[in-house]
Amino acid sequence: MDKETAGKAGLSNPSTGDRAETEAEEVVVQYVVLRRDLIDSWPLGSVVTQGCHASVAAVWAHKDDAHTIRYCSDGNIDNMHKVTLEVKGEAQMVKLSEKLREGGIAHKLWVELPENTPTCIATKPYPKAEVAAFFKKLKLCK
């Protein structure tokens, strides 16, 4: 395995020291959080669309941010990292949005209109190490 492949895999190499581990920690990721209650009651395509709306809105709102530029760069566009998680319902979604706001984490809370229903959260792209703690208690969306 060459150095570049090892680095992408997050493997350490004696000749590079901890550089590969540092590169793995510097993975830029976008978190997308959906509501489980909507997944269970809405058509799947509608819920996926909500996540897409929030994701695009978060990226567009922060298009000049260095992490977003890196995330959407020609060299990364085919290797973007997203983590899709779920919350139980609206109350947990709103609480998560407040927690992110208080923590200074830029995100988009997508509110479906005209129903005025919060459906999804997407963060702007961040190095995973900077934001993972905000999402550690949430389950992967299945």
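Two strands are said to pair if DSSP finds at least two bridges between them. Helices (H or I, at least four residues) and strands (E, at least two) are themselves DSSP runs, numbered from the N terminus. The structure described here is a predicted model, in which local features need pLDDT of at least 70 and side-chain atom pairs count only at pLDDT 80 or more, while totals for chains, interfaces and linings use all residues. Residues are numbered from 1 along each chain as its sequence is written, and side-chain values use heavy atoms, with hydrogens and water left out.

Strand S1, which spans residues 28-35, pairs with several other strands. With strand S2 (residues 81-87), S1 forms 7 bridges in the parallel sense; within S2, Lys 82 is the bridge partner of Gln 30. The pairing of S1 with strand S4 (residues 117-123) is antiparallel and comprises 3 bridges, and here Ala 122 of S4 stands opposite Val 32. S1 is also paired with strand S5 (residues 126-127), again in the antiparallel sense, over 2 bridges. In S5, Tyr 126 is the bridge partner of Val 29.

The burial of S1 was examined next. A residue is termed buried under 20% relative accessible area, exposed over 50%, and partly exposed in between (1.4 Å probe, protein chains only). By this criterion, 8 of the 8 residues of S1 are buried. In a regular strand the side chains alternate between the two faces of the sheet. In S1 both faces are covered: one side carries the buried residues Val 28, Gln 30, Val 32 and Leu 34, and the other carries Val 29, Tyr 31, Val 33 and Arg 35, which are buried as well.

A pair of aromatic rings is described by the distance of the centres and the angle of the planes. Rings of Phe, Tyr and Trp (its six-membered ring) pair if their centres lie within 6.5 Å; planes under 30 degrees apart count as stacked, over 60 as edge-to-face and the rest as tilted. The structure holds 1 such pair. The ring centres of Tyr 31 and Phe 135 are 4.2 Å apart and the planes stand at 5 degrees, so this pair is stacked. Because Tyr 31 belongs to strand S1 and Phe 135 to the loop between helix H7 (128-131) and strand S6 (139-140), the pair ties together parts that are 104 residues apart in sequence. Both Tyr 31 and Phe 135 are buried.

Side chains of opposite charge can pair when their charged atoms come close. A salt bridge is defined as a side-chain nitrogen of Lys or Arg within 4 Å of a carboxyl oxygen of Asp or Glu, and a search of the whole structure finds 5 of them. One of these joins Arg 35 to Glu 90, with the closest N and O atoms 4.0 Å apart. Since Arg 35 lies in strand S1 and Glu 90 in helix H6 (residues 90-102), this pair ties together parts that are 55 residues apart in sequence. Arg 35 is buried, at a relative accessible area of 5%, whereas Glu 90 is partly exposed, at 37%. A network of salt bridges links Arg 35, Asp 37 and Glu 90.

A further salt bridge is formed by the side chains of Arg 36 and Glu 86, at 2.9 Å from N to O. Arg 36 is located in helix H3 (residues 36-41) and Glu 86 in strand S2, so parts that are 50 residues apart in sequence are tied together. Arg 36 is partly exposed, with a relative accessible area of 21%, and Glu 86 is buried, with 13%.

Helix H6 has 13 residues and reaches 18 Å from its first C-alpha to its last, close to the expected 18 Å (1.5 Å times one less than the number of residues). Its buried residues are Met 93, Leu 96, Ser 97 and Leu 100. Seen down the axis of H6, these buried residues fall within an arc of 100 degrees, so they line one face of the helix; the arc is that of the directions from the helix axis to the C-beta atoms. The buried residues of H6 pack against S1, S2, strand S3 (107-112) and S4, where contact means heavy atoms within 4.5 Å. On the other side of H6, Ala 91, Lys 95 and Glu 102 are exposed. Just after H6, Gly 104 takes a positive phi of about 75 degrees.
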